[in-house]
Amino acid sequence: MGDGNLDGKLDVYAGSWLVHYPDYPTAKSRYFEGDGKGGFVNAWDKAGLALDPPRPVYGVMWTDWNDDGLPDLYVSHYNLRDNALFQNLGGGKFSDVAAKVGADHDSVPTTSADYPGGHSFGSDIGDFDNDGDMDIFVPDISHPRTQPWADPSMLLVNQGAPGFTFKNLRRDLGIVYDEGDVNSLWVDYDNDGDLDLVVAPTYPSHYTKLYRNDGKAGFVDVTYEARLAVHMGGYVVASDIDEDGDMDLLVTGVAPSPSVNVLENKVGNKNAWAFFDLEGVKCNRDAVGAKVVVKAGGITQTREVKGGGGGTPSHGNSHWLHFGLGKAAAIDSITVRWPGGATETFTDAKINGRFKLVEGAGKAVAK
C-alpha cells in the first residue's frame, strides 16, 4: 500500500503470478486507488502499469528511489523476466525505468533475449550505506542449471543524484549467493547506526543468514554467532517485541520444514536507540511514504515508512521506525518529509525512547 497519487488516501498494488505453474500465461496484476470511503477504484489502465507481456510477480515495494517526493514502485518478477521500477510521473501515472537505471537484471549476458532476468522474490529497500538514498536487495532463486546467465541475488546500490542509477555490488560487498534466496529484510540488529541484512531461503539444507554491515568493509556473515540459522526459514519480519530497544525477529520455516521461531535480540540494546511512530494529518494517516532523517553521533540515517510489501507473504514489520544510534549521547535533529513534500523538523526526542511524530506538531511526544 502507498499513496501513488498523493491525495491522502492509500492505494494498493496487487501483483499476480502464473495462472498455472510452470506455464504462461500470467494472471493480470491489479492497481486500485483508495476513494477515502473504505472502498477502492480500479486505476490499472490510468496508472500505466501494464507490461507486454505480463510478468509473474513475487514481490512489490513502494519507495521514493529518486528522492523527488513521489512514491515509486519496485516489482520483482519471476520466470527469468526483467524486474520493473515504475517511476511516479505525478497524478497517479507511472513509467517503467528499470532498464534505464540498472534495476532490471544483472550484467551477465543472457543466452535468450526472452529471458534476461532472474527468479526474483521478496526485495527489501533501505539506505544501508547512510548516503540518503534508497538501495535495494533483490533475492533470486537462480538454479545451477541456468548459471551463469540467470540472475543470482542482487544488491542494487543507489548512486544518487543526478541519475539515481544502480550498481549491483552484492559480490563486492561480501554477500554470498544462496540458490534458495526468496526474502530479505534490512534491520539494524546491533543498533550501531547502519542497516544489516537478513536473507531468507526456501530450499532444504538452506538456512536463514544474517549479514552484519561493517560500512566500507562490506558485510560479514554472523549467522552462526547470532544463532539465526533457521532451516528453510523463508519468511522473516522484525519488531521490538519485548520493548527493550532492539529489534527481535520472527522467522517461519516453510514446508516440508514448518516452524515458527521467535528470536529475541540480546545484543542490540547495548547501544543507543530510538523509535518513531508517524501520524499524518494532511497526508495519509499512516504516513506511508514519509521519509525520516535522524542525525545523532555523527551519523545521518534515513528511513521510509512502509505500507507492507516485500515478498510472499507480505512484510508485516512494525509500523514504528527504528533507529540504532550507536554510542550517541543525544539526538541532534529529526526531519520528516511527509508525502506530498512538506518538510518538518521535530524537537524534544531523546535517545532510548519511543516517540510519536504527528504532522504539523513540531514536537515529538513520548510514548
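1. What percentage of the 367 residues in the chain is buried? Buried residues make up 54% of them, where buried means under 20% relative accessible area with a 1.4 Å probe and protein chains only. The model is predicted, so that local features need pLDDT of at least 70 and side-chain atom pairs count only at pLDDT 80 or more, while totals for chains, interfaces and linings use all residues. Residues are numbered from 1 along each chain as its sequence is written, and side-chain values use heavy atoms, with hydrogens and water left out.

2. The chain holds 3 helices and 30 strands, assigned as DSSP runs (H or I of at least four residues for helices, E of at least two for strands) and numbered from the N terminus. Its radius of gyration, taken over C-alpha atoms, is 20 Å, close to the 21 Å from the globule rule (2.2 Å times the number of residues to the power 0.38), so the chain is as compact as a globular protein of that length.

3. Among contacts (heavy atoms within 4.5 Å) between residues at least 6 apart in sequence, 52% join residues at least 24 apart.

Conventions: Buried < 20%, exposed > 50% of the residue type's maximum accessible area, 1.4 Å probe, protein only.
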